[in-house]
Amino acid sequence: MSAQAAPTNDAPQATADLTDGMHLVIDALKLNDINTIYAVPGIPITDLLRFAQAEGMRVISFRHEQHAGQAAAIAGFLTQKPGVCLTVSAPGFLNGLTALSNATTNCFPMILISGSSEREIVDLQQGDYEEMDQLAIAKPLCKAAFRVLHAEDVGVGVARAIRAACSGRPGGVYLDLPAKMLGQAMDAAKAAKTLIKVIDPAPRQIPSLEAVRRGLDLLKSAKKPLIILGKGAAYAQADADIRAFVEKTGAPYLPMSMAKGLLPDTHPQCSAAARSTCLKEADVVLLIGARLNWLLSHGKGKTWGERGAQQFIHIDIAPTEMDSNVAIQAPIVGDIGSCVSMMLHEMGANWPAAPAAWTTAIKAKREENIAKMAPRLQNNNVPMDFHGALGALRTIIKEKPDTILVNEGANTLDFARSIIDIYEPRKRLDVGTWGVMGIGMGFAAGAAVETGKPVLAVVGDSAFGFSGMEIETLCRYNLPVCVVVFNNNGIYRGTDVNPTGGADVAPTVFVKNARYDLMMQAFGGVGITATSPDELGRAVREALASGKPTLINAVIDEKAGTESGRIGNLNPQSVVKKKA
Ligand code: ADP
Ligand code: TZD
Ligand code: MG
C-alpha cells in the first residue's frame, strides 16, 4: 500500500499517512490476487488506472468497454477468479453491460466496476456530468450489485463482489464507485485494517450421498447411456476426474462447444459426429455442467426421443436448474469436482461397461459420418469454401493443441465447431449461451493476457466488425493473437440483392472484397490475404510461430454459407411471400 507512489499528472499528492478510496480499491484487488484490470479510462477512474499500473497491476486499456468487459468475462472462465472490468460512468458503464450480462448468462465470474457521478445530484436528477442511476440499471443483469459510499467500506465491497461472482453458480457482479468516494481520504493505517482477504471464495458444495447413489443406479440401469459435458464442467477444472469418470462408464459422450477438449475430440467415446443419433436414442442422459436450454433443444421435441422415455441425471451447482425444462429423475446438486469424485468413489472397482450393442452402434455411425466429411476437408478450392478453409485450420490445431481457439460468426461458428477438433480443456472459447457477436477480440485479448498461450481467433466478417477496432489493442500490447476473418462479403452470404433494384445494397451484404488485412497493417501488425487453404495454412503457421499480432483476410466463396448457419429454423416465417 503506497499511496505516496503518486505517478499521476495532476492528481493531488497523497501523504505517507493518508490513503484514499482509489488506492483502497487497488489494495483490495491485489490482496485478493486480482492483478489485471481490463478498462477504458476517463473521469473519474483515470488516476485509479495510473495508480494501479504504478502498483504493479497489469492494466489493459481497450478502445470500447464492451471488449474490456468480454476480456474480463473470459478471464473469469479461464481462471476461476473474477475478471475485473473498470469503466467510467453512464455511457462507459452502459457499454460494459453487454459483457456483464453475457458473463452472468454464461456463468463466468466477472466484476464490472464503474465510476459514478455525485449521488446527491443523480438522485435529485439535477443533471450531473454522465448522470445515471447505474446501480438500479445493473441489478437485473447480474448476480449482485453493490455500491460503496465510504472509503472505509471498499474492503467489504470488493470482498462481497468477489464472493458473489465466484460462489455457487458463478456470474457477473456490479460494483458502483462514486467519484467522491474514490477521492475520500483516510488514515492509511486504519484503512489497511478495513481490507478483507476473502477466504475460500468458492466453497465446495458436496452433493448428498443419496443423490449420488440415485444417479449411479439410474446410470447403471441404462441400455443406452449418454453423457453430455457442458462448459460448467470445463470451468470446474476437475479435468482428470471427469476424464476418469467418463472412461469408467464407457458411455458415449457429447461435448457442448466450450467443453470440447475436456477429453480430446478424437477420444474413442466422443460421439459428436453421431450427435443426432445419441440425442434421439439414449435412454439415460447424464448432464454435467450443461443446461437443457435452446442449445439442447430444451431436452424435448424432435431432436430427442419420445417424451418421458428418456431419463435424466443432472449434475449442477444450481439447485433451481433442476426440472427447468424437463423432469430430472436424478438431480445431483453440488460442485462438479466434488460430485464427480464422489461418483468415481461410489462406482467402485467393478462398474459394468456400457452395453456393447449401444456403443458399437454409435461408433459405427460416428465413423461413417467422419469418413463422409474427410474428403471435403481436404479440398484446396479457390475461392475457399468453409470446409477447405477450416480443414487447414483443423490440421494446425492438431499440430499445436495448446492454441486457444476463439470463434464467432454464423457459418464460421457452426462449421468451425464441428470441424476443428480440440485436444485440451478450455481451449475453445465462443459465443456461448447467447450466441452473441462481438466476443472475438475481447476474448482473444483476455485469453492471451491470462494464459500467455497463442490464440487463433476464427471470426466471420460480420462478427469481426463488432470488435474490430480492438486489433489496435492487440498490436499495442503485442499479444500473440492470429485473427482469421472469414470474408464472404457479408452476414451468412454475400449474394443477397435489393429486391427493388434500388441503390442500397441488401441488409446482409458488405463492401465486396474488403481488405481487413490492411486494417491490421495500419497498426503495425501483420496483415495478409489468403485465397486458398494452402495459403491460409501457411500464413497461420507463421503467425502462431512468430507470436506477432496478425490478421489474415481469408477469402471465402460468397455463395458458400447458409442463412443463420445451422440455426435457420429459429427465424420466424412470414406469411407474406418475399419479392424475388
Ligand atoms: P453449455 O452451454 O456448455 O451447455 P451451460 O452454460 O448451459 O453449458 O451450463 C453450465 C452449467 O454449469 C450452469 O448451469 C452452471 O450452474 C453450472 N456450473 C458452473 N460451474 C459449476 C461448478 N463448479 N460445479 C457445478 N456446476 C457448475
Ligand atoms: N448482434 C449481436 C450482438 N449478436 C448477434 N448474434 C447478432 C447481432 C445476429 N447475428 C448472428 O446471430 S450471426 C451474425 C449476426 C449479425 C453474423 C453472421 O455473419 P458472419 O458469419 O459474417 O459473422 P458467416 O460466416 O458469414 O455466416
Ligand atoms: Mg460473413
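Student: Where is Tyr-492 found?
Tutor: Tyr-492 sits in the loop between strand S17 and helix H21 (516–522). Helices (H or I, at least four residues) and strands (E, at least two) are DSSP runs, numbered from the N terminus. This is a predicted model, in which local features need pLDDT of at least 70, side-chain atom pairs count only at pLDDT 80 or more, and totals for chains, interfaces and linings use all residues. Residues are numbered from 1 along each chain as its sequence is written, chains are lettered from A and ligands numbered from 1 in the order in which they are written, and side-chain values use heavy atoms, with hydrogens and water left out.

Student: Why is Tyr-492 called partly exposed?
Tutor: Buried means under 20% relative accessible area, exposed over 50%, and partly exposed in between (1.4 Å probe, protein chains only). Tyr-492 has 23% relative accessibility, so it counts as partly exposed.

Student: What is the phi of Tyr-492?
Tutor: Phi of Tyr-492 is near 75°, a positive value in a residue that is not glycine. Most residues other than glycine have a negative phi. Asp-200, also not a glycine, has a positive phi of about 55°. Asp-200 lies in the loop between helix H9 (188–192) and H10, and its 44% relative accessibility is why it counts as partly exposed.

Student: What makes H16 mostly covered?
Tutor: In H16, 10 of the 14 residues are buried, among them Phe-386, Leu-390 and Ile-397. The buried residues pack against elements including helix H15 (356–377) and helix H22 (533–546), where contact means heavy atoms within 4.5 Å.

Student: How does the reach of H16 compare with the expected span?
Tutor: The expected span is 1.5 Å times one less than the number of residues. H16 (residues 386–399) reaches 20 Å from its first C-alpha to its last, close to the 20 Å expected.

Student: What caps the N-terminal end of H16?
Tutor: Asp-385 does, with a side-chain oxygen 3.2 Å from the backbone nitrogen of His-387. A polar contact is a pair of N or O atoms within 3.5 Å; within protein, one must be able to donate a hydrogen and the other to accept it, and residues adjacent in sequence count only if both atoms are side-chain atoms.

Student: Which peptide bond has omega of about -5°?
Tutor: The bond joining Val-382 and Pro-383 does, and it is cis. Pro-383 lies in the loop between H15 and H16. Most peptide bonds are trans.
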